[in-house]
Amino acid sequence: MADLKRPAMIDPSQLLRPEESFNGKPIDAFRDYSVDDEDPIKMRVRKTYYDMHTNMTVDLCRQKRANWLKFNHFKATIKEALIKLNELVDESDPDTDLPNIVHAFQTAERIREDHPDDDWFHLTGLIHDLGKVMAFYDEPQWCVVGDTFVLGCKWAESIVYGPESFKDNPDTYNAKYNTKYGMYSPHCGLENLLISWSHDEYMYQFLQHNKAKIPEKGQYMIRYHSLYPWHAGGDYRHLTNEKDEEILKWVLEFNKYDLYTKSEKIPDIEALWPYYEGLIDKYIPGVCEW
Ligand SMILES: [Fe+2]
Ligand SMILES: [Fe+2]
């Protein structure tokens, strides 16, 4: 059976972790998107991505932005939103079948081990996927989870399942969008690119809207953590600029904790709350608008 694993992708987070395996799971067993009709998780992951690649267009993304960036869906504290994630299993993730709140604490705690003094970084780990709460407000998972990619230009080669997975997407046949630069000018910068709608951009804009005091670094880690074709695949370098190279370093530093903590033991969430509630009070207190 054809192996549709991303072509020629060197995941930089592997270079950062020279071990052959992590907690007993071989390094190359993470982010395995190969096709296997007998494996229900692989089938689920593939369906989520094909739905995403078929339906995510420039127009749809603009509609989602217009809808969600009003922040009039609900009001909740960060803790309340995290608890909601207890009910969410990410259907695009081949590496974990656990509720997303477990992944939030695993990521945060590993960052805390390596960077004990950067408390903003711990909180960044805890909330990086919190934008997935959109799934509780009528958004299908393909519009919320998974890797992101740039819209309005040619599909990047390193996108999961490859450019051929966009064969039923109308933008594939739109001459305004399907060229190397599409609707952009050379080196216009990441912040001028329209990126597929997902939990990353929503959470970044949420932090801005609610005046979070998390440093810029942490906010950009959240904004681009799923943009694998850029940070792991090496695509889009004709569109990015010098500032983006700086952001890339931060995103890669974050990425290893996001990915390789998924096979770790389940943290004692109840015991950890007091510490993280202190960070929430410091950086993004009170009831927020979502
Ligand atoms: Fe994520
Ligand atoms: Fe994550």
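Predicted model: local features only at pLDDT ≥ 70, side-chain atom pairs only at ≥ 80, totals over all residues.
Around the iron ion (ligand 2), the four donor atoms subtend angles of 80 to 166 degrees, so the arrangement comes out as irregular. Side-chain values use heavy atoms, with hydrogens and water left out, residues are numbered from 1 along each chain as its sequence is written, and chains are lettered from A and ligands numbered from 1 in the order in which they are written.

The donors to ligand 2 are His103 (NE2), His128 (NE2), Asp129 (OD) and Asp258 (OD), at 2.2 Å. A donor here is an N, O or S atom within 2.8 Å of the metal (3.2 Å for Na, K and Ca); water is not among the atoms, so sites may look incomplete. In sequence, the spacing reads H-x24-H-D-x128-D. His103 sits in helix α5 (residues 100-114) and Asp258 in helix α10 (residues 242-260), so this pair ties together parts 155 residues apart in sequence. Helices are DSSP runs (H or I, at least four residues), numbered from the N terminus. Both His103 and Asp258 are buried, meaning under 20% relative accessible area (1.4 Å probe, protein chains only).

## Its partner

What do the two iron ions share? Asp129 coordinates both, and they are 3.6 Å apart. Ligand 1 also has His199 (NE2) and His225 (NE2) as protein donors. His199 is buried at 2% relative accessibility, and His225 is buried too, at 2%.

How values were computed. Buried < 20%, exposed > 50% of the residue type's maximum accessible area, 1.4 Å probe, protein only. Tetrahedral: all angles 85-135°; square planar, octahedral: opposite > 155°, others 65-115°. Helix = DSSP H or I, 4+ residues; strand = E, 2+ residues; numbered from the N terminus.
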